[in-house]
Amino acid sequence: MAVRQRLIWYNVHLNNPDAAGESAVLLAEKTDVLALAEINLNDPGWQVLRTHYPHGCQHQEASPFALALWSAAPLASCDIAYGGDPLHLHHDY
């Protein structure tokens, strides 16, 4: 039997001035998985999300290509790959 998972895909914008406020809104959604584009992983405002979603993978760079895929539950695997085609995200439960 398949288990339904809720995912939020959100472009947080690289220089978001209210990371802490937006983190609170995302936490209130109680989703299973977050996919966050343009995330500045050095911004402490996003760290509360990482605490609540400790599993997954991320690609850090100071550009719009930064990406995080975080899950509340453990994942069997997680990979972020850039290639000739658009970005590929892969994760397994």
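Visitor: Which residues of the largest nonpolar core touch the most other members?

Guide: A nonpolar core is a set of buried Ala, Val, Leu, Ile, Met, Phe, Trp, Tyr and Cys residues joined through side-chain atoms within 4.5 Å. Buried means under 20% relative accessible area, exposed over 50%, and partly exposed in between, with a 1.4 Å probe and protein chains only. Here the largest core has 13 residues, and Leu 26, Leu 34, Leu 36, Ile 39, Trp 46, Leu 49 and Trp 70 touch the most other members. Two or more residues each come from α1 (19-28), β2 (33-37) and β4 (67-71). Such labels are DSSP runs numbered from the N terminus: helices are H or I with at least four residues, strands are E with at least two. Another core lies apart, with seven residues, among them Val 33, Cys 57, Leu 67 and Leu 69.

Visitor: What kind of model is this, and how are residues numbered?

Guide: It is a predicted model, in which local features need pLDDT of at least 70 and side-chain atom pairs count only at pLDDT 80 or more, while totals for chains, interfaces and linings use all residues. Residues are numbered from 1 along each chain as its sequence is written, and side-chain values use heavy atoms, with hydrogens and water left out.

Visitor: In what order do the strands of the sheet stand?

Guide: Strands of a sheet pair through backbone hydrogen bonds, either parallel or antiparallel. Two strands count as paired if DSSP finds at least two bridges between them. In this structure four strands form an open sheet of mixed pairing, in the order β1-β2-β4-β3. β1 (7-11) and β3 (55-59) are at the edges with a single partner strand each, so one side of each has no neighbour in the sheet.

Visitor: How many bridges join β2 to β4?

Guide: There are five, and these two strands run antiparallel; Leu 34 has Trp 70 as its bridge partner in β4. β1 and β2 also pair over five bridges, in the parallel sense, and Tyr 10 is partnered by Leu 36 in β2. β3 and β4 pair antiparallel over five bridges, with Gln 58 opposite Ala 68 in β4.

Visitor: Which way do the residues of β4 point?

Guide: In a regular strand the side chains alternate between the two faces of the sheet. From β4, Leu 67, Leu 69 and Ser 71 point one way, and Ala 68 and Trp 70 the other. Five of the five residues of β4 are buried, so this strand is largely enclosed by the rest of the structure.

Visitor: Which cysteines does the disulfide join?

Guide: A disulfide is a covalent bond between the sulfur atoms of two cysteines; the cut-off used is a pair of sulfur atoms within 2.5 Å. The structure holds one, joining Cys 57 to Cys 78 at 1.9 Å, S to S. Cys 57 is in strand β3 and Cys 78 in strand β5 (residues 77-81), so the link ties together parts 21 residues apart in sequence. Cys 57 is buried at 13% relative accessible area, whereas Cys 78 is partly exposed at 24%.
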